Amino acid sequence: MTRYLLARLLQGLMTLLAVSVVVFVLSRLSGDPLTLIMDPMSTKADLARELARLGLDRSYPAQYAIFLGNALHGDFGQSIFFKRSAFEVFLEKLPATLELGGTAMAVSMLIAIPVGVLSAVHKGGWFDRIARLVALTGQSAPVFWIGLVLILLFSVTLGWLPTAGRGSWRNLVLPAITLGWYGNAFLMRITRSAMLDVLGTDYVKLARLEGLPERRVIWKHAFKNAATSIVTTLGLMSISLVTGAVVTETVFAWPGVGRLTVDAIFQRDFPVVQAAVILIAVMVVVVNLAVDVVYAWIDPRVRFQ
Amino acid sequence: MRRTLMTGITLAALAAPPALAQSLTFAINNLGAETWWPQDISQNKYISSNIGDPLIRLAAPYSLEPALATGWSMSDDGLSYSFPLRAGVTFHDGSPLTPDDVMFSFAPAHVEKVVGFSAIKGGNILGIEAQGNTVVMRLKTPVPALMDNYISRASIWPKAYVERVGIEGFNKQPVGAGPFRFVEHVKGQHVKLAAWEHYYGDQPQVKEITFRIIPEAATRIAMLRTGEADITYNEVGASTGELKKYAMRGQPYGQPAQAALIFNSLLNPDRTPGRFDDIRVRQALILAVDRKVIADAVYFGAASPAALPVVGTRMPFYDAKFAPLPYDATRAKKLLADAGYPQGLQFDFVAATSNKDLAVLLVSFWQRAGIKANLTLLDPVSLSRAWWQRTLQGDQVMLVGGLANGMASAVYINSKSQVAMYASPATDALFAQGMAIIDPAKQTAWLHDTLLPAMNELYPIAPVLEYQEGVLGLGPKVKSWDRFDLHSFGLQWLVPK
């Protein structure tokens, strides 16, 4: 188990290093931020002075070496736009994203898993058909569109829920549904598929022949064995909830890291973009590691492979 | 006795601040870094310029008005400016406005931190001193458009208060002498301001204004429809159409701006002369297009055909004799034939994705006149990079947007600015001549007598449409709003129902 975990950890670190290179290069390729923040009256000398002040006049390898060294100490530099620590700016926005993502995840689990299980149990029936249709819609409709449709329906037309912002639980409903929409559909389909695989196995048939109650057969024998796929999906979902927050947070004016990242990209605020992408990558690596551990715990065969 | 009492009550009622009507919510796409000082060119100005007032205000459509200073005068050499301060002005903490506060606000150490204040950075403010209640600012080199670009953008802050609480403390609880005082700020979400009862100017008629940060335009419009917002600020364009679609009032706001065609081949000083060096070709591209139709289709009537490069027709020095070129496809074809392209023209055309509709309609009109444009759409950041860093090669034409306020916008055709747009000795000479004129009256005369004819004659870029930068959506709680400040909206002139 220790060797397995160490191997996974090493893979995670290599991933983070690769991400740091990619994000550094891509953010530089989009041009320097001064073209956006300097006023047109400034001269080329002004531009050169600002570049030097921000350290953007050095070679890319030199900038990367400094960036990496500082990042290892948790220093992602000063935000060009916010004029304070990029790391602090990220941390300030993180709770809002975790609140939104956590709610979306909880709603998805509460809806998608039972529906997926029931859909598999009643395969081909009306419940299964409706559930599959909903899942298909959920996976094919863009998050942006879903968000605006929900606003038009529940805020503009019915007036039940606020349109945007963070505050009470009422503010959380529409963005959480929007953010969880895709993952909900995905989780439902995976649960259904995993359950169908398990429900056809000999031990489930044997359990039924032994006269065990159907509820016990489904939830104790079948669901437990389908859980490995579901846990993996939940891991992937938690990642997509953070990355998906980019769109949802913009539509619903939710002040989280997704919106921060989008704004930083348009403002070419390198330190914030770098901090956001790398810290999100760290979160992804940690979640993946956690999923691997749970996976190995549920299915001992994994450890030995 | 009774009469005296009644008179006393009446006088007291007249002297007391009026009961303010209500609280309004203003949905805006962002508020910049959400720190209020130093001010910069980002949207934090919409908060800081309401809490703090400048010495001189830039009002709509484009005029300078006294604010904390009762006026200003300039020395003949343009190196010294005097600002007599208004008497009896108090900051929101009750302290009086003094020359010390102005000197503190324009201290070089503070100005250095302000992004976008390049012309008064780098030691260009030699000194600032008090002469009685007048503040005198001395410059190292003359700064054209000093009032428009710098003085009107910089609020005056109370020295004693800032020194006591520090910049961080100030950003948590800013204090100024503007029409609204700070109440509350929840980062990334909203800022609440309340009317300052002892404002020296026109008293605000709204009790409280809450700025809510809503990045997505469609969400802001939805909030206006649900009544969650009473005012929205949107980029001109699709939002204008949305407002019209739902029968909501749209009020143009902001500085004059233009969508224009610029010619990549003219940006390089070492270039080989290309097709667009010929003014007839540049004008043909405009004549071939029915810009009124495009303005109505893309900007829903909020734009109109532009007349001259970098100068909007709403600028006070504009002369109506320089009318926009008409839609005349026959004349466009003739100009092209005269320029040596009887079979038409083919070129690469680059536009930002945000201008897609406009670009597609231009291509469509050009096609009818035998002009074939191969359109490439880039995201706005990539396009501005290509423009400013000149990474596009050859004879491309770019569709860009920019301000059209005359002298300040003329930097777009000056190779010495960082935008470095035009590598033309003629426009450089013109710009140098304009920059040397510091006296506002003489400069206005120069703008009218020299810049307008020169733009008409040189036509260095091809102006397509003109509009104001944005549109304010007004909900049912707003009765009227017809006077504006170009940096702070001018919320004190907002009249609620």
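The structure is a predicted model, in which local features need pLDDT of at least 70, side-chain atom pairs count only at pLDDT 80 or more, and totals for chains, interfaces and linings use all residues. Residues are numbered from 1 along each chain as its sequence is written, while chains are lettered from A and ligands numbered from 1 in the order in which they are written.

Chain A has 13 helices and zero strands. Helices (H or I, at least four residues) and strands (E, at least two) are DSSP runs, numbered from the N terminus. The C-alpha atoms of chain A fill a box of roughly 85 × 55 × 30 Å along the principal axes. Of its 305 residues, 41% are buried. A buried residue has 20 or more other C-beta atoms within 10 Å of its own, with C-beta atoms placed from the backbone. Two residues are in contact if their C-beta atoms, placed from the backbone, lie within 7 Å. Among contacts in chain A between residues at least 6 apart in sequence, 74% join residues at least 24 apart.

The largest nonpolar core has 215 residues. Such a core is a set of buried Ala, Val, Leu, Ile, Met, Phe, Trp, Tyr and Cys residues joined through C-beta atoms within 7 Å. Residues with the most contacts inside this core include A:Met195, A:Ala276, B:Leu55 and B:Leu465. Beyond its neighbours within four places in sequence, A:Met195 is in contact with A:Gly116, A:Val117, A:Ala120, A:Ala222, A:Phe223 and A:Ala226.

Helix α6 (residues 126–140) of chain A packs on α8(A) at an angle of about 135°, with the axes 8 Å apart. Axes are lines fitted to C-alpha atoms, for helices over the stretch in contact, and angles run from 0 to 180 degrees between N-to-C directions. Residues of α6(A) at this packing site, including A:Ala131 and A:Gly138, meet α8(A) residues, among them A:Trp181, A:Phe186 and A:Arg189.

In chain B, helix α15 (residues 440–458) has a kink of about 35°, centred on B:Leu447. The bend at a residue is the angle between axes fitted to the seven residues ending there and the seven starting there. B:Leu447 is buried, as are B:Gln443, B:Leu451, B:Leu452, B:Ala454 and B:Met455 of α15(B). The buried residues of α15(B) pack against α14 (425–435) of chain B. B:Tyr459 follows α15(B) and has a positive phi, near 45°.

Terms used: A residue is buried if 20 or more other C-beta atoms lie within 10 Å of its own, exposed if 12 or fewer, and partly exposed in between; C-beta atoms are placed from the backbone.
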